[in-house]
Amino acid sequence: MHMTHNAFIPESSPHDPHAYRWIWLDNGLPVLLAHNSDLTQSAASFAVNAGHFQDPEDATGVAHFLEHMLFLGCRSFPAPESFAEAVQAANGHYNAWTATEHTNYYLTVRPDAFSAILEHFRCLFTEPLFAEEWVDKERLSIEAEYQLKRQDELRRLYEVHKLTANPHHPFAKFSVGNAQTLADHPNLPMHQRLREYWQTYYTAANAALVLIGPQSMDELEALAEQFNALPSSRLPEALPETPIYLPEQLGSMIYVRPLKESSRLIVTFSFPEINSDYLHKTTSFIAHLLGDEGPGSLCSELRAKHWISELSAGGGMSGYNFKDFNLNILLTDDGLEHIDEILQACYYAIREIAAHGLRDDLYAERQQMQELNYRFPESQRPIDLAAQLSINMLHYQPQHVISGDYRMDGLRHQFAQRLLAEMTPERSRITLIHRDVETDQVGHYYGAEYRIEALSEVQKQRFKQTPKGFAALQSPSANPYIPKRIEALPLAENMPASATDERNGYWPQVVQAPAGITLWHLQDATFREPQAHIYLSLRLPMTTANARNNSISRIWCELALEDLNEQFYAAEVAGMHFNLFPQQSGVTLHIAGFSDRQPELFKALMRSLAEHRSSEQQFQTVRKQLQREWQAMNQNKPINHLFALLHHQLQYGAYTAQELAASIDDLDFELYCNLLPGMLRDAQVILLTHGDIDTATAQDLASWVKQSLPIVSQPQLQVQRTVKRLSSGMSETRFHSEHSDHACALFVQGHTTELHEKAGFLVINQLLGPRFFNQLRTQQQLGYLVGSSYLPMHGLPGLLCYIQSPHTSPQALQQAMEAFLADFASELKTLDPNEFANAQQSVIRQMQEAAPSLRVRAQRYWGAIINNFANFGLASQICGEVEELSLSELQAFFASRFNTDRCAMSLQSCSDNETK
């Protein structure tokens, strides 16, 4: 096999299905090639080592603006929509993002189209046009994106973070950009600014490329050669070594007033950069110790006092010369009265870790789990893998580009002690987020209200004291859930011949189980890894009877999960993740991860759920939190509110956030305890066991459910799953929104659940989607959130079109959508048969695409069981109908469903001063 003289092979897992090769092109561009003959898509990612930190001081947002503009025409392909149309025609998709120090562009297409699309992709970076007309149009899109997030709580908090950092550090810059910061300056138009940034940073020395596909290594290498067209300029000027915080910005208390009800405490410690520590992951290990949720942990002790609901450690911004290490705490109402004691406990926990917690045995457990995660990597879609690896290329040594995320080469005791010694009140930034805090400053871009003041000497000394009435904290004990068996079980002897084709008979089968339990089981023959998924659905007919019942089931879920999280935190650490959540008519438990100890965990979870009891304080805390979330729904992005309202309007047993909030106004603990048993009776159980798990184990788990949950019974009441049918014509619904943006959606409902109906809506969505986005967002600039999607409900298909706009009324948005549909109807009458055939093939490819991982396959099976009456072959059946569909049939179908026989609903936002 031909090997380039400057190529080498990075280290990777023996279980990784990809072969890798790292090369440098003649211009110096590093390229990572990944070959996997089983892939049905090819992917590419181009990452640049520059982001908003490199923005000019007087034109913030240029990096982000450039990311938008590069897709809108280049010398060889000047039409602004040409790239989007080419990728769409190649059954692919693309995206990009701009961060502080990196920008990433990525795409995926059919392998036979990869060469042509890659040439177009390369031209975006080597010969952009920056046409002035499109600079002016896309500036409006950036402004809409900025306006969209003006009431976003995280953006407002981020603004306060920037305003209380060193103004001379690049972190302090406004990152998104808007119409003002990106305006043309006298003698310096924006298209020139964009060109200067591109010329400075989009060079071979400052970028990385990943190509992934079924093509041979030599074919991939030949495809990469065209990127020699990138200039091989020297590295741009390094970022300044100025500190991110000034001395007076440390040892400070920052008060932030949110828009919604919120009670959060964030303790931030300022570290130097940690990128160079990637082989040891010291801060991750400290975060593991400090964020422990098991018995005797900081989190457990604070929860026991009912002061906090959640605690996480280690998150926070990081960059070229800084790392924020955060302790992020969700406070209860009681906790607000005990902030000093909570902070005392945090600093005490840090001192305890420094004195006793830096244990090599605990590090070795983390190391063991990382090694297992590396050995058995979860399969990813090629586009996701490409985007991840291109950023790794900018962070890690070439040999570690795949392994760097997993390496833990030993605990650096001295470095860890040095970091812990920095975690003092004097080096902290303590942020309290609550509606009632006093503020004296307002952010310019997002209107964030805040106040910053230095910690007093009294506070600093108080925080260093050992908290009173606080049990001695304990380090985590040896983890009983770390897997011992790390090879997959032998396959059952009766595995069918089609055991690798999930679209053709390779499906879960019903296995004998106790009365009241339907057990679906499949031992996976494709993903031969020691991992499994267990889904347990408790179908509770009473949970959808009224809004209060629905609220009670959600409260129970939250309380039970809080209980399980503390008891079984060690299982999470050992790579077994579990979640308990409301789903349709009842609740679902999902367990995923390494299979060796999963049966033990499942039984222990069942036992704990059966024995679960909560205190009145815990109940009140969760009730208030959920009620606040529901009451704040009309402050969310109106598009999110609109989606939730659509489900409420069309599904029996679905309730609005306002109905749920009102239903628990007078719900006290006694009434909750009295109503709960009635809610949980007559449970119908559906169980799916899938992956590295055998039939005997699956049946044992089903028997255990019957033994441990006395609520399981032969169904007395059937769970109702029906969708409301819209009458002919257009019905209108308006909803109250406190957000400054407007939103409108148009939903067209199918007439039947027949396969032909589904096929028609799917092909229409394939043809309509790109045109809708191009016309209403790119051309007309009506808003930033613009889209359409195929939306089936309980088997009844439909199509949803939506727009959220900072400047256009809902009525005008609806008119624009109706005008688009009229134009589309005309276009459909003269549609090129080749485009129709391509749309058919795109739908078929998407529906026949094999699951990229065990997780996705399990999700598909579970979705079919819960939503489609276990019709696992539905996708193949629909594909057959799509293939048979003729263009004339589609034209007639569209004319009927979207015009003459339309059953549709319009949803529009309205503000306080409008008629509701």
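In this predicted model, the side chains of Arg485 and Asp692 meet in a salt bridge, with 2.7 Å between N and O, a salt bridge being a side-chain nitrogen of Lys or Arg within 4 Å of a carboxyl oxygen of Asp or Glu. The pair links distant parts of the chain, 207 residues apart, with Arg485 in the loop between α15 (457-463) and β15 (509-511) and Asp692 in the loop between β20 (684-691) and α23 (695-708); helices (H or I, at least four residues) and strands (E, at least two) are DSSP runs, numbered from the N terminus. Arg485 is partly exposed, with a relative accessible area of 24%, whereas Asp692, at 4%, counts as buried, where buried means under 20% relative accessible area, exposed over 50% and partly exposed in between (1.4 Å probe, protein chains only).

The structure holds 33 salt bridges. One of them joins the side chains of Arg628 and Asp333 at 2.8 Å, N to O. Arg628 lies in helix α19 (residues 616-631) and Asp333 in helix α10 (residues 333-336), so the pair ties together parts that are 295 residues apart in sequence. Arg628 is partly exposed at 24% relative accessibility, and Asp333 is likewise partly exposed at 29%. In the salt bridge between Arg110 and Asp112, the closest N and O atoms are 2.7 Å apart; Arg110 is buried at 17% relative accessibility, while Asp112 is exposed at 62%. Glu11, Arg407 and Asp409 are linked in a network of salt bridges.

Helix α16 (residues 547-567) and helix α22 (residues 669-679) pack at an angle of about 95 degrees, with their axes 10 Å apart. Axes are lines fitted to C-alpha atoms, for helices over the stretch in contact, and angles run from 0 to 180 degrees between N-to-C directions. The two helices, α16 and α22, are therefore roughly perpendicular to each other, a term applied to angles of 65 to 115 degrees. Residues of α16 including Ile552, Trp556 and Leu559 meet residues of α22 including Leu671, Leu675 and Met679, contact meaning heavy atoms within 4.5 Å.

Ile433, found in strand β12 (residues 428-434), counts as buried at 8% relative accessibility. Leaving aside neighbours within four places in sequence, Ile433 is in contact with Leu157, Val256, Pro258, Ser262, Ser263, Arg264 and Ile266.

Residues are numbered from 1 along each chain as its sequence is written, and side-chain values use heavy atoms, with hydrogens and water left out. Local features need pLDDT of at least 70 and side-chain atom pairs count only at pLDDT 80 or more, whereas totals for chains, interfaces and linings use all residues.

How values were computed: Parallel < 35°, antiparallel > 145°, perpendicular 65-115°, else oblique.
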